[in-house]
Structures are given as structure tokens and as C-alpha cells.
Amino acid sequence: MNFLASDELHGRGSATRDEHIAALFAAAQFQSLGLEPGGDNGGFVQKAALPNPLPDRLRQRLSQFEDTPRTETWNAVAVLRGSTRPDEVILLTAHLDHLGVAAPGTSGDTIYNGADDDASGTTAVLTFAHLLSRGPRPKRTIVFALFGSEEIGGYGNRAFLDHPPVPLSEIIANLEFEMIGRPDSAVPAGTLWLTGFTRSNLGPELAKHGAHLVNDPHPKELFFQRSDNYALARQGIIAHTVSSFGLHHDYHQPSDEVGTIDFKHMTKAIASMTAPIRWLSDSGFKPQWNPGSNPKTSSPEAK
Ligand SMILES: [Zn+2]
């Protein structure tokens with residue numbers, strides 16, 4: 001996490017060389033764990049072209065920052081093949097990229113380190129890869145995917161959905177880890193919340209198996225729709241985001257630095273999720289949407 005959020009990585013700007021370095025770093029970690037590559041050409045990195053030109057809404061965001069042409073984005077993807085039910089897949093995700101650096105001439109701190117957003121989630125996924133690849137092989141397959149270009153419109157995620165390492169129909173659950181580096185005072189200490197908690201039976205079941213996981217206390221923020229999980233959820237895949245973002249003021253600011261991370265909280269949070277994810281990987285439990293809550297068949301605004 002110190003590496004990802006270091007000034008040297010220049011805020012991992014979406015679709016920049018720095019995002020690419022973050023993807024290569026994650027790929028090296030996956031490779032060192034002996035995981036199967038899930039990227040392009042037998043490697044762990046998946047490259048995708050950005051739309052050209054970028055839609056106006058995205059361009060607006062980039063115009064606040066350095067004016068570098070951005071044409072490609074990079075994901076890091078790895079597969080831990082299940083021992084007895086390899087065609088049932090748990091997908092664990094986060095986003096690698098952040099906002100990069102401020103425009104030339106900006107005074108003060110110009111690097112958007114993105115420690116909480118989302119070096120914390122990236123670190124969680126790398127940690128799960130580390131922990132779950134040890135010990136007995138899980139019965140189900142686990143795919144670890146770290147996406148580029150989330151901040152400018154979820155392009156890495158779209159590339160993954162276009163070229164998934166396993167058929168999308170085999171994914172029975174996706175957990176996206178987004179901003180878990182600091183506790184949220186709206187929920188009990190050491191607790192994470194799950195977006196769309198009441199939409200499916202996945203969150204309650206993980207909580208039953210020890211996850212410190214509760215309902216999202218900020219429903220007005222529409223976080224279920226605002227993260228990479230949503231593109232999958234719209235395809236009908238049970239997909240939620242795990243977070244403990246307490247609406248802190250360092251959100252999308254250069255002050256989102258490693259020094260603000262509560263490692264005790266983050267470690268506890270990751271630890272509380274590890275056994276439940278292992279349970280899910282070994283169980284026959286198939287999560288389901290609750291009636292009327294499947295984003296593929298019901299309007300999200302209806303909930
Ligand atoms: Zn984020």
C-alpha cells in the first residue's frame with residue numbers, strides 16, 4: 001500500500017504510465033503467489049483501448065488534471081482455480097487507478113495519492129490472493145481483478161466484462177473493495193458496510209459466517225450504483241461493494257495519503273472477511289437477489 005500510494009506513483013492517474021506500473025506491480029504479486037494468469041497473452045495484465053474521443057463527462061474530469069493523451073488502460077487479473085467446482089466463480093475486485101496529479105502551476109500538494117481510494121481496496125484484494133492461495137485449494141474458483149480507469153468511467157471494468165477470464169455466467173458473486181482504509185463512525189468500530197445489503201442474501205450470509213458487515217449507512221449517496229460492482233450487477237451478477245468510507249473530507253483530494261490510513265481498522269476489516277470468503281469459496285451457497293432487487297430486471301431508482 002505504501003508503494004501504490006507513494007508520491008512516486010503520481011496518484012496512479014487513470015490510463016497513465018503510473019496506472020500501468022500499478023497494474024504491473026499487482027501482476028508481479030499475483031505471479032509470485034503461483035496464481036494462473038487471467039490477462040492477455042498468458043500474462044496477468046489486461047490492456048484495453050479507451051474510447052476515442054472520451055465522452056464529454058469523463059473529459060471534464062480529466063481537464064482538472066494533467067493534459068496527457070490517454071489511450072489505453074490496464075487491469076491486473078489472476079485466477080485461483082477451484083478444486084472440485086471450478087465453474088463456480090467468486091470475483092474479488094478493486095480499482096488500481098486514481099486521479100493522478102494536478103495541472104501544472106497548481107500550488108501546494110499536487111499528487112492525488114488515493115491511499116483510501118482505492119489503494120486500500122487494491123491492497124485488500126492482493127491480501128486475499130495471498131491468504132486464499134495458501135492452504136487447501138478452495139472448491140470454487142476465485143478470480144482476483146484490479147481495474148484501471150475506474151475514476152474516468154469504469155473502462156477497465158468494461159474491458160474485463162468484454163474479455164473475462166471465465167464465462168460471466170459462471171460468476172456467482174462479486175465483492176468490490178472500495179475505500180476500507182479508515183473507519184466509518186456511522187457504523188460500529190471495526191465494521192465494514194455493504195452497498196445494496198438488502199438487495200441480496202449475500203451480505204447477511206457472509207455476516208452470519210463472521211464478516212463484520214452491515215448495511216450501507218449512506219443510502220442517499222447511491223454507492224451501490226457508483227462503484228465497479230454496478231456494471232456486473234446490471235448483468236444480473238450478485239455484485240456489491242464493501243467499504244467503510246465515512247464521507248471524509250480527503251475524498252478525491254491530494255490529502256488522501258497513507259498517513260491518514262487506520263491500519264488497525266483495515267487489518268481487522270480484511271481479517272474479518274477472509275474466513276467468510278473462504279467459506280463462500282468452499283460452500284454450495286449460491287447467493288440470490290431478493291424479490292424486485294435484481295438491477296438487470298428492476299430499476300435501481302425504484303429501491
Ligand atoms: Zn474509488
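Predicted model: local features only at pLDDT ≥ 70, side-chain atom pairs only at ≥ 80, totals over all residues.
Strand β11, which spans residues 239–243, is considered first. Five of its five residues are buried, so β11 is largely enclosed by the rest of the structure. In a regular strand, side chains alternate between the two faces of the sheet. In β11, Ala-239, Thr-241 and Ser-243 point one way, while His-240 and Val-242 point the other way. The residues of both groups are buried.

Two pairings of β11 may be described. With strand β8 (residues 171–177), β11 pairs in the parallel sense, over four bridges. Within this pairing, Leu-175 has His-240 of β11 as its bridge partner, and Phe-177 has Val-242. With strand β9 (residues 192–194), the pairing of β11 is antiparallel and rests on two bridges. Here Leu-194 stands opposite Val-242 of β11.

Strand β8 is itself mostly covered, with seven of its seven residues buried. Besides its parallel pairing with β11, β8 is joined to strand β4 (residues 85–95) by five bridges, and β4 and β8 run parallel. Ile-90 stands opposite Ala-173 of β8.

Among the helices, α1 covers residues 17–32 and has 16 residues. From the first C-alpha to the last, α1 reaches 22 Å, close to the 22 Å expected at 1.5 Å a residue. The buried residues of α1 are Asp-18, Glu-19, Ala-22, Ala-23, Ala-26, Ala-27, Gln-29 and Phe-30. The elements that cover these residues include strands β2 (45–49), β3 (72–80), β5 (100–101) and β7 (140–147), together with helix α3 (115–132). Just after α1, Gly-34 adopts a positive phi of about 80 degrees.

Helix α3, which is among the elements covering α1, also packs with helix α8 (residues 263–282), their axes coming within 10 Å and crossing at roughly 50 degrees. An angle of this kind makes α3 oblique to α8. The crossing of the two helices is right-handed. On the α3 side, the contact is made by Ser-120, Ala-124, Thr-127, Phe-128, Leu-131 and Leu-132. On the α8 side, the contact is made by Met-266, Ile-270, Thr-274, Ile-277, Arg-278 and Ser-281.

Methods
Residues numbered from 1 in each chain as written. Buried ≥ 20, exposed ≤ 12 C-beta atoms within 10 Å, placed from the backbone. Pairing = 2+ DSSP bridges. Expected span 1.5 Å × (residues − 1). Contact = placed C-beta atoms within 7 Å. Axes fitted to C-alpha atoms, helices over the stretch in contact; angles between N-to-C directions. Parallel < 35°, antiparallel > 145°, perpendicular 65-115°, else oblique. Left-handed = near helix turned anticlockwise from the far one by under 90°.
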